[in-house]
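Thank you for making time this morning. I would like to walk through one model with you, going from the sheet to the helices and then to the core.

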Amino acid sequence: MEIRVDDLTGDKVKALIMEHLSGMFENSPPESVHALNLDGLKKPEITFWSAWEQDELLGCGALKELDGTHGEIKSMRTSSSHLRKGVARQILEHIIAVAEQRHYKRLSLETGSIESFKAARNLYERAGFHYCSPFAEYIEDPYSVFMTKEL
C-alpha cells in the first residue's frame, strides 16, 4: 500500500469523498455531520492522504492542524470494496506518525456515536485514543463522540 499526499483532483478520490459524505448524511442528521467536502479538505491547514495499491484507491484520511501542538483527524474512509483489510489502521498509523513528526502534543477526532460507527470507535480505541469532551469548535451532540490521544 502506498499512502501519499493527494491534491483531491482525481476522479477516484472525488468519488470516495462523495461516498464518505453520503454515508455521513445517511447515518446522522445534517446538523451533526462534521465531514468536510472537497473545498473544506483543500484548506491550507489540512493535509489529505490517499492510499493506493497500483491504480486502485483503498482509502483516505486527513490531518487538520488546530494549533501548533494539536491536530485533528478528518475524513477517514476506506473504499467499500476494501473494508476489513487493515486499510484504515495503516492510514491512521501514518497520520499519527506525521503528527508526531510535527511535534503535536495531542491528536483528537470526532466520530459518530451510533452503532454504524462502532468499527471506527474500536479502531481508535485500539490505537490508544480515549473519550473526551468536545474540542475546538465542537459542542456536545448525541450523534457525536470525541476522542483524543496524547503524543
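Strands β3 and β4 pair in the antiparallel sense over seven bridges, where two strands count as paired if DSSP finds at least two bridges between them, and where strands (E, at least two residues) and helices (H or I, at least four) are DSSP runs numbered from the N terminus. A hairpin of two residues joins β3 to β4, and Cys60 stands opposite Arg77 in β4.

Before I go further, please keep in mind that this is a predicted model, in which local features need pLDDT of at least 70 and side-chain atom pairs count only at pLDDT 80 or more, while totals for chains, interfaces and linings use all residues. Residues are numbered from 1 along each chain as its sequence is written, and side-chain values use heavy atoms, with hydrogens and water left out.

To return to β4, its pairing with β5 is in the parallel sense, over four bridges, and the bridge partner of Glu72 in β5 is Ser108. Is β4 mostly covered or mostly open? Eight of its nine residues are buried, and by buried I mean under 20% relative accessible area, with exposed meaning over 50% and partly exposed in between, using a 1.4 Å probe and protein chains only.

Stepping back to the whole sheet, seven strands form an open sheet in the order β1-β2-β3-β4-β5-β7-β6, with mixed pairing. β1 (2-5) and β6 (130-132) stand at the edges with a single partner strand each, so one side of each has no neighbour in the sheet. The partner at one end is clear from the pairing of β6 with β7 (residues 144-150), which is antiparallel over three bridges, and there Cys132 has Phe146 in β7 as its bridge partner.

The expected span, taken as 1.5 Å times one less than the number of residues, is 24 Å for the 17 residues of α1, and the end C-alpha atoms are 24 Å apart, which agrees. Its buried residues are Val13, Leu16, Ile17, His20, Leu21, Gly23 and Met24. The buried residues of α1 pack against α2 (38-41), β2, β3 and β4, where contact means heavy atoms within 4.5 Å.

That brings me to the core, and a nonpolar core here is a set of buried Ala, Val, Leu, Ile, Met, Phe, Trp, Tyr and Cys residues joined through side-chain atoms within 4.5 Å. Which members of the largest nonpolar core touch the most other members? Of its 20 residues, they are Ile73, Tyr124 and Phe129. Several elements each supply at least two residues of this core, including β2 (46-53), β5 (106-112) and α4 (118-126), while α3 gives the most, with seven residues. Not counting residues up to four places away in sequence, Ile73 touches Leu92, Ile95 and Leu107, among others. There is also a second, separate core of 13 residues, which includes Leu8, Val13, Leu38 and Phe48.
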